[in-house]
Amino acid sequence: MVMLRYAVYRFFTMLLTLLVVSVLVFVIINLPPGDYLSNQIAELQASGQSAGVAKAEFLRAEYALDRPMWEQYMIWIGFWPGPHGFDGLVQGNYGWSFEFDRPVAEIVGDTLWLTVVVNLAAILFVYAVALPLGVLAAAKSRTWIDYTSAFVGYLGLATPNFLLALILFYYGHRYFNLPIGGLMDPSFEGLPMSWEKLKSILVHLIVPTFVIGTSGASAMMQRLRANMLDELGKPYVETAIAKGMAPSRMLTKYPLRVAFNPFVADIGNLLPSMVSGSVLVSVVLGLQTIGPTLLTALKTQDQFLSAFILMFVALLTLIGTMISDILLVMLDPRIRYEGREA
């Protein structure tokens, strides 16, 4: 019951934080002078296209861009009536993309779930690689196993993701016949999910998962190794060994549980870092994620499209943080949630 209350408390805290983030996102996007329509109007006026100017002016009024910033924000969120009444994010209207001349919902519809799939696969890869290698490197400290894992880890941190993507783009296709480019075979695009389409997605996920997850796995492995070594040097470990506890049981029962806390806490940072770090990889590999779309929206000052994508990344961050907080409470009894200390 107490755990349920804490989960509800964290959920409402997440909603409040998301509201604050929405204000920051909207203000920061509008900080640069001008916007997509203002720039377009200036270009059309310079070329003497009066019909195009009239259309751009109509769009400014249609999407309330001629109103004060605070009112634009309230209309965008859905807390204030706009030209079409209450019709914002809260009501499910994500806005209009001026660059693509389509509703934002149509542009990001398929890319959202593909982005989630790619990054969840990368996170599973990070934990599957970092956990065993980090524990093994700490348990076999100052041996060839430790030195080899450290070398692999530093290599993964030092290699840029886009360079690794290009290398695998060539060698993966040449020697292993891996499909490079996109997240599914083009013949399945726009079709409903089926077993064949799922298999195509899973095969296409191999290279992006490895490329996006490599640096995260390397950093987390080094962090877990350092935490484990710190715990293994404490007196309670020597006492457990002196009492005859098997080293493998002692390792998993005490030091790993304590060292695992930062490992779990990283879930909140891992999701957004994967999304932001995969932008160049998505461009290089031609992935149908929101990364390339965000890049285009920011360059063209397409404010509704870029604002929605940034809000989506913020939502991933907050969901990841909430999950990590709840898991930490379940993992470590020293963390109290009754007094909001978790």
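This note goes through a predicted model, taking the pocket, the annotated spans and a few individual residues in turn.

1. The largest pocket has a volume of about 320 Å³, and its lining is made up of 15 residues. Those that lie nearest the centre of this pocket are Leu18, Leu89, Phe308, Met311 and Leu315.

2. The UniProt record, which is an unreviewed entry, lists residues 7–29, 112–139, 151–171, 201–221 and 304–331 under "transmembrane region". These assignments are taken from that record, and annotations of this kind may be inferred rather than shown by experiment.

3. For two of the listed spans, the geometry of the model can be set beside the annotation. Residues 112–139 are 100% helix and 0% strand, and the C-alpha atoms at the ends of this span are 40 Å apart. Residues 304–331 are likewise 100% helix and 0% strand, with end C-alpha atoms that lie 40 Å apart.

4. Ala46 is placed in helix α2 (residues 36–47), and it counts as exposed because its relative accessibility of 72% is over the 50% cut-off. Between the C-alpha atoms of Ala46 and Leu124 there is a separation of 53 Å, the two residues being 78 residues apart along the chain.

5. Two residues deserve a look for their backbone angles. Most residues other than glycine have a negative phi. Asp101, however, has a phi near 55°, which is a positive value in a residue other than glycine. Asp101 sits in the loop between β1 (96–97) and β2 (102–103), and it is classed as partly exposed because its relative accessible area of 46% falls between the limits of 20% and 50%.

6. The other such residue is Arg142, whose phi is near 60° and is again positive in a residue other than glycine. Arg142 is found in the loop that lies between α5 (104–139) and α6 (144–158). Is Arg142 buried or exposed? With a relative accessibility of 69%, Arg142 counts as exposed, because that value is over 50%.

How values were computed
Residues are numbered from 1 along each chain as its sequence is written. This is a predicted model: local features need pLDDT of at least 70, side-chain atom pairs count only at pLDDT 80 or more; totals for chains, interfaces and linings use all residues. Side-chain values use heavy atoms; hydrogens and water are left out. On a 1 Å grid over the protein atoms alone, a cavity is a set of points where a 1.4 Å probe fits but cannot get out, and a pocket is an open set with protein on both sides within 12 Å along at least five of seven lines; lining residues have an atom within 4 Å of a point. Grid points are joined across faces, edges and corners, and a volume is the space filled by probe spheres set on the points. Helices (H or I, at least four residues) and strands (E, at least two) are DSSP runs, numbered from the N terminus. Buried means under 20% relative accessible area, exposed over 50%, partly exposed in between (1.4 Å probe, protein chains only).
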